[in-house]
Amino acid sequence: MERGLLWLPLLAAFIALTVLGWRSYRQVELYREWATQFDTAKYDPLAVAGLKGHTLTWGKPSLQGVQAVQSLELTEVESLQLLVDGRPIALPPDSLPPGKDIQIELLPQQASIPFTDATLAIAWCRKLAHILSTASATRG
C-alpha cells in the first residue's frame, strides 16, 4: 500500500502535464485558424501578430482565441524601435544583448508587440523596417 501511495504524486504530475499540454495545443490551434487571414504571421506566448499588405494586427493568445486584438496601418507609422528591457537597440541588429523584455515599438502610436524569442523579434523588425522604407519611398 505504501508503494501505491508513493506513485500517487507521479500520477498527479502526469495528469497536470497532460492538461497543460492540451491547453497549449488548443491555443496554438486557435492561433493557426486566426493566422490564415494573413500573408505572414507569428506565434509567441506573449503575443500573436499578422501582417496583410500594410496592415499589422496583433493580440494576445488565449484559450478563447486571440484577445485584445489591435490593428495598425504601417503607412501611419513613422519609425520603429526594437527595445530590450526598455532600451532601444540600433536597427537592424545582427544579435540582441541578453534581456528578458523584448518588444518592437511602433512610433508615434506607441504600440508595442512583445516577443520571447530574440531571433523572431529581429526577423520581424527587419521585415517591418523594410515595409516602412518602401512605403516612405513611395510616399515621398
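**Close-up views of a predicted model**

**View 1. Pro61 meets its partner across two strands of the sheet.** Val66, in S4, is the bridge partner of Pro61. H1 packs on the sheet here, with contacts to S1, strand S2 (48–52), S3 and S4, and the helix direction makes about 165° with that of S1. As for the pairing itself, strand S3 (residues 55–62) runs antiparallel to S4, and 7 bridges join the two. Please keep in mind, in this view and those that follow, that the model is predicted.

**View 2. Stepping back, we see an open sheet of 4 strands.** The strand order is S1-S2-S3-S4, and the pairing is antiparallel. Which strands stand at the edges? They are S1 (40–43) and S4 (65–73); each has a single partner strand, so one side of each is left without a neighbour in the sheet. On average, and with direction ignored, neighbouring strands of this sheet are turned by 15° against each other.

**View 3. Four aromatic residues gather in one cluster.** Tyr31, Trp34, Phe38 and Tyr43 make up this aromatic cluster. A search of the whole structure finds 3 aromatic pairs. One of them joins Tyr31 and Trp34, whose rings are tilted at 45° between the planes and lie 6.3 Å centre to centre. Why are these two residues separated by about one helical turn? Both belong to helix H1 (residues 2–35) and are 3 residues apart there, so about one turn of the helix lies between them. Trp34 also pairs with Phe38: the ring centres are 4.7 Å apart and the planes meet at 55°, so this pair is tilted as well. Are Tyr31 and Trp34 buried or exposed? Both are buried. Trp34 counts as buried because its relative accessibility is 14%, under the 20% cut-off. Phe38 counts as buried too, at 13%.

**View 4. A lysine sits over an aromatic ring.** The charged end of Lys42 lies over the ring of Phe115, at 3.9 Å from the ring centre.

**View 5. Gln103 makes polar contacts with two side chains.** This residue is found in strand S7 (residues 102–107). With a relative accessible area of 16%, Gln103 is buried. Its side chain makes a polar contact with the side chain of Asp101 at 3.2 Å, and another with the side chain of Ser112 at 3.0 Å.

Note on methods: Residues are numbered from 1 along each chain as its sequence is written. This is a predicted model: local features need pLDDT of at least 70, side-chain atom pairs count only at pLDDT 80 or more; totals for chains, interfaces and linings use all residues. Side-chain values use heavy atoms; hydrogens and water are left out. Rings of Phe, Tyr and Trp (its six-membered ring) pair if their centres lie within 6.5 Å; planes under 30 degrees apart count as stacked, over 60 as edge-to-face and the rest as tilted. Buried means under 20% relative accessible area, exposed over 50%, partly exposed in between (1.4 Å probe, protein chains only). A charge sits over a ring if NZ of Lys or CZ of Arg is within 6 Å of the ring centre and within 35 degrees of the ring normal. A polar contact is a pair of N or O atoms within 3.5 Å; within protein, one must be able to donate a hydrogen and the other to accept it, and residues adjacent in sequence count only if both atoms are side-chain atoms. Two strands pair if DSSP finds at least two bridges between them. Axes are lines fitted to C-alpha atoms, for helices over the stretch in contact, and angles run from 0 to 180 degrees between N-to-C directions. Contact means heavy atoms within 4.5 Å.
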